[in-house]
Amino acid sequence: MVTDDAVYGSFWKSMPFLKQSRQIEPPWKEWDRKAQKSGIRHTVYSVNGDQYTGEWLDNKKHGKGTQLWKSTGALYDGDWKFGMRNGFGTYSVPDPVTREYKKLYSGEWKNDKRHGYGTNFYSDNEYYEGEWAKDKRHGWGRMYYEDGMIYEGEWSEDSHGGQGMLRLVNENRYEGSWKNGKKHGHGKFFYLDRGQLYEGVWVEDIPKCGTITDFGREGAPAPTVYPIPKVELANPIAVLQEAESIFLSDQE
């Protein structure tokens with residue numbers, strides 16, 4: 001006698017069995033995963049010969065790292081963010097004679113440009129220390145020039161701009177307003193070598209309206225032969241202020 005269980009068992013055995021198809025991942029996906037760089041890596045070489053040693057995130061330089069450019073030999077060591085120099089870092093280049101690395105810039109970076117506070121070396125005796133914005137000197141800074149002059153004050157778009165002081169090699173100095181790298185606006189020029197002081201308005205490095213008086217003439221190394229005579233006006237300050245206001249209004 002054939003039971004129902006035997007009938008059903010025979011039925012299921014005769015039915016075709018559908019196997020679950022196995023999903024085969026293309027080889028390139030695994031290769032891509034292995035190529036993705038994250039975390040700390042040994043030196044990675046680019047096709048053009050550049051070298052980078054340091055940290056990565058999502059296949060981009062991110063964190064601490066050192067970049068060497070083959071074409072110039074330049075070297076950057078510092079912070080990176082999503083493939084660009086961001087944070088604090090030092091940029092150096094090899095000396096053409098000794099091949100030893102000389103520091104060009106050390107300071108803050110943003111989006112691959114000097115930005116924030118940093119020091120830039122133009123030569124062994126000329127350098128700038130101060131604020132930067134988008135690769136230009138901008139804000140407060142001090143510049144030591146090759147010839148011995150020193151400028152300290154505000155900068156705008158890579159030039160003296162705002163309030164600042166320029167001290168010459170002979171110790172003469174200018175204190176006042178600047179525009180586009182030139183003395184412009186109210187300012188004082190101390191002629192310490194001859195013991196005089198000019199105070200007034202300047203336009204593109206030229207004094208236009210002001211007063212000149214004796215200043216430390218007795219101790220000056222090369223004083224003028226005669227002192228400046230006293231101005232015989234009832235109110236010389238008011239006269240000067242009126243002249244300055246007229247002159248400045250003509251400049252607008």
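Colleague: Which residues does threonine 90 touch, not counting residues up to four places away in sequence?

Modeller: Taking contact to mean heavy atoms within 4.5 Å, threonine 90 touches Leu75, Tyr76, Asp77, Lys103, Tyr105, Ser106 and Trp109. This is a predicted model, where local features need pLDDT of at least 70, side-chain atom pairs count only at pLDDT 80 or more, and totals for chains, interfaces and linings use all residues. Residues are numbered from 1 along each chain as its sequence is written, and side-chain values use heavy atoms, with hydrogens and water left out.

Colleague: How many salt bridges does the structure hold, and how should I read one?

Modeller: Side chains of opposite charge can pair when their charged atoms come close. A salt bridge here is a side-chain nitrogen of Lys or Arg within 4 Å of a carboxyl oxygen of Asp or Glu, and the structure holds 12 of them. In one of these, lysine 102 pairs with aspartate 95, with 3.8 Å between the closest N and O atoms, and Asp95, Lys102 and Asp124 are linked in a network of salt bridges.

Colleague: Is aspartate 95 buried or exposed?

Modeller: Buried means under 20% relative accessible area, exposed means over 50%, and partly exposed lies in between, using a 1.4 Å probe and protein chains only. Aspartate 95, with a relative accessible area of 15%, is therefore buried, whereas lysine 102 counts as partly exposed at 36%.

Colleague: What is the burial of lysine 183, which forms a salt bridge with aspartate 205?

Modeller: The closest N and O atoms of that pair are 3.2 Å apart; lysine 183 counts as buried at 12% relative accessibility, while aspartate 205 is partly exposed at 34%.
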